[in-house]
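User: I'd like to go through this fold piece by piece with you. Can you take a few questions once it's up on the screen?

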Amino acid sequence: MPANTEIMHAISKLVENADFGSNTEYLPEFNQKDVKDTVNMLHIKEPNIFMESSIDWDGLADITFVKVNQS
């Protein structure tokens, strides 16, 4: 599945606004299978930043990532 550009943009905003360290966020306004697929594609490209996603019991796809200080 090609990456959903709206979801990619939303994820980049989450990362940009996140605290340093490990973070888990959700995007309930999007189709959760599309969120999961997009995060898993990011995990393949950046496995040290994005963790593999799954859809939790509550029906939401987790977006777990590590934000490091680049300075």
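User: Let's start with the helices. What is the handedness of the crossing where H1 passes H2?

Analyst: Keep in mind that this is a predicted model. Helix H1 covers residues 5-17, and helix H2 covers residues 32-45. Where H1 passes H2, the crossing is right-handed.

User: Is H1 roughly parallel or roughly perpendicular to H2?

Analyst: The axes of H1 and H2 are 10 Å apart, and the packing angle is about 65°. Angles of 65 to 115 degrees count as roughly perpendicular. So H1 is, relative to H2, roughly perpendicular.

User: Which residues of H1 make the contact with H2?

Analyst: On the H2 side, the contact is made by Asp34, Val35, Thr38, Val39, Met41 and Leu42. The residues of this contact divide into seven nonpolar, one polar and one charged. From H1 come Ile7, Met8 and Ile11.

User: Val39 turns up in that contact. Is Val39 buried or exposed?

Analyst: Val39 has its place in helix H2. Setting aside neighbours within four places in sequence, Val39 is in contact with Ile11, Met51, Ser53, Asp62 and Ile63. With a relative accessible area of 0%, and with buried meaning under 20%, Val39 is buried.

User: How far apart are the C-alpha atoms of Val39 and Ser54?

Analyst: Along the chain, Val39 and Ser54 are 15 residues apart.

User: Asn40 is another one I'd like to look at. Which backbone nitrogen does the side chain of Asn40 reach at 2.6 Å?

Analyst: Asn40 sits in helix H2 and, with 17% relative accessibility, counts as buried. Beyond residues up to four places away in sequence, Asn40 touches Glu52 and Ser53. The backbone nitrogen that its side chain reaches at 2.6 Å is that of Ser53.

User: Let's move on to the loop between H2 and E2. What is the relative accessible area of Ile55?

Analyst: Ile55 has its place in the loop between H2 and strand E2. Leaving aside neighbours within four places in sequence, Ile55 is in contact with Gln32, Lys33, Lys36, Leu60 and Ala61. Ile55 still counts as partly exposed, because its relative accessible area is 40%.

User: How far is the C-alpha atom of Ile55 from that of Glu6?

Analyst: Ile55 and Glu6 are 49 residues apart along the chain. Their C-alpha atoms are separated by 19 Å.

User: What about Ile49: which residues is Ile49 in contact with, leaving aside neighbours within four places in sequence?

Analyst: Ile49 lies in the loop between H2 and E2. With a relative accessible area of 29%, Ile49 is partly exposed. Its contacts, with those sequence neighbours left aside, are Thr64, Phe65 and Val66.

User: And what separates the C-alpha atoms of Ile49 and Asp37?

Analyst: The two residues, Ile49 and Asp37, are 12 residues apart along the chain. Between their C-alpha atoms, the separation is 16 Å.

User: Last one: how far apart in space are Thr64 and Leu42, C-alpha to C-alpha?

Analyst: Leu42 is one of the H2 residues in the contact with H1, and Thr64 lies in strand E2. In sequence, Thr64 and Leu42 are 22 residues apart. In space, C-alpha to C-alpha, the distance is 11 Å.

Notes. Residues numbered from 1 in each chain as written. Predicted model: local features only at pLDDT ≥ 70, side-chain atom pairs only at ≥ 80, totals over all residues. Heavy atoms only, no water. Helix = DSSP H or I, 4+ residues; strand = E, 2+ residues; numbered from the N terminus. Axes fitted to C-alpha atoms, helices over the stretch in contact; angles between N-to-C directions. Parallel < 35°, antiparallel > 145°, perpendicular 65-115°, else oblique. Left-handed = near helix turned anticlockwise from the far one by under 90°. Contact = heavy atoms within 4.5 Å. Nonpolar A, V, L, I, M, F, W, Y, C, P; charged D, E, K, R; others polar. Buried < 20%, exposed > 50% of the residue type's maximum accessible area, 1.4 Å probe, protein only. Polar contact = N/O pair within 3.5 Å; in protein donor to acceptor, adjacent residues only side chain to side chain.
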